[in-house]
Amino acid sequence: MAGRGKTDTTRKPADTRILMLDSTGKFVPATDPVHYDKKEAGVGPGISFAQHMLAANPKIKIGLIPAAVGGTSIQRWVPGGYDSVTHTHPYDDAMARAKEAMKYGVLKGILWHQGEANSSDFQDSPGYIFLLRQLIQSIRTTFHMPQLPVTIGELGYFRPAFVNFNAMLKAVPDSISFTNIVSAKGLQHKGDNTHFNAESARALGKRFAAGMKALQQINRK
């Protein structure tokens, strides 16, 4: 989710209507990399997602809240969980950043794209879905938003383990309300057999937008 695609060195803001919460907790014009979890952060799906969300409603502004921590397993995404590589508390930090962002706007949805670190344990799919359900319920409870939309992205179809993990994800919408899955089929890696290249990251962002719009339509009914 943080993105590892090659960035444009000019770093021009994508659109004055698209903002991102920076490392100091301030909203600034969004440029890639949106995330700063590791020094190799690059192009991810965030800005493309926002651009395609704006296409449906050009009068709004979108604030992206980057909170991904590359390489973390879902077991790190619990209250008090700690990632020794980045020296962060992924869940706690994400909640703190969301609360800060909500001083300026309304939380409309969550994009979840994680799984490489858990893909070798795909046989334990009920365990992963259970932890994901707990995570989503915790976020929804924290913000008193029981129908907060959560759109989940597949892993790239680069390795057999990722393909099997994606097959497991298909069960998520039936297990967790107001969630859906967006496909990563046809997307390409950057040469490392793991991370999307910039073009594919942006294509995934477009798919995330379509998934989020679909969930928001359900909430309006």
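Modeller: A residue is called exposed when its relative accessible area is over 50%, buried when it is under 20%, and partly exposed in between. Please bear in mind that this is a predicted model.

Colleague: Is lysine 185 buried or exposed, and why?

Modeller: Lysine 185 has a relative accessibility of 52%, so it counts as exposed.

Colleague: Where is lysine 185 placed, and which residues does it contact beyond its sequence neighbours?

Modeller: Lysine 185 sits in the loop between strand S6 (179-182) and helix H6 (198-220). Leaving aside neighbours within four places in sequence, lysine 185 touches Glu154, Tyr157 and Arg207. Its C-alpha atom is 9.6 Å from that of leucine 204, a residue 19 positions away in sequence.

Colleague: Let us step back to the whole chain. How many helices and strands are there?

Modeller: The protein chain has six helices and six strands. Their order along the sequence is β-β-α-β-α-β-α-β-α-α-β-α.

Colleague: Which helix is largely enclosed, and why do you say so?

Modeller: That is helix H1 (residues 46-54): seven of its nine residues are buried, so the rest of the structure largely encloses it. The buried residues are Gly46, Ile47, Ser48, Phe49, Ala50, Met53 and Leu54.

Colleague: And what do they pack against?

Modeller: The buried residues of H1 pack against strand S1 (18-21), S3, strand S4 (110-112) and H6.

Colleague: Turning to charges, how many positive and negative side chains are there, and how many salt bridges?

Modeller: There are 27 positive and 17 negative side chains, with the centres of the two sets 8 Å apart. The salt bridges number four. One of them joins arginine 4 to aspartate 37, with the closest N and O atoms 2.9 Å apart. This pair links distant parts of the chain, since arginine 4 lies in the segment before S1 and aspartate 37 in the loop between strand S2 (27-29) and H1, 33 residues apart. Both arginine 4 and aspartate 37 are buried.

Colleague: How exposed are lysine 103 and glutamate 100?

Modeller: Lysine 103 is exposed, at 60% relative accessible area, whereas glutamate 100 is partly exposed, at 22%. The two form a salt bridge, with the closest N and O atoms 2.9 Å apart.

Colleague: Which buried aspartate has no salt bridge?

Modeller: Aspartate 83 is buried without one; the nearest side chain of opposite charge is arginine 76, 4.5 Å away. A salt bridge requires the nitrogen and oxygen to be within 4 Å. Aspartate 83 lies in the loop between strand S3 (62-64) and helix H2 (90-101). Beyond neighbours within four places in sequence, its contacts are Val69, Thr72, Arg76, Thr88 and Pro90.

Colleague: Is proline 90 buried or exposed?

Modeller: Proline 90 counts as buried because its relative accessibility is 1%. Proline 90 belongs to helix H2, and its contacts beyond four places in sequence include Trp77, Gly81 and Tyr82.

Notes
Residues are numbered from 1 along each chain as its sequence is written. This is a predicted model: local features need pLDDT of at least 70, side-chain atom pairs count only at pLDDT 80 or more; totals for chains, interfaces and linings use all residues. Side-chain values use heavy atoms; hydrogens and water are left out. Helices (H or I, at least four residues) and strands (E, at least two) are DSSP runs, numbered from the N terminus. Buried means under 20% relative accessible area, exposed over 50%, partly exposed in between (1.4 Å probe, protein chains only). Lys and Arg count as positive and Asp and Glu as negative; His and the chain ends are not counted. Contact means heavy atoms within 4.5 Å. The place of a charge is taken as NZ of Lys, CZ of Arg, CG of Asp or CD of Glu.
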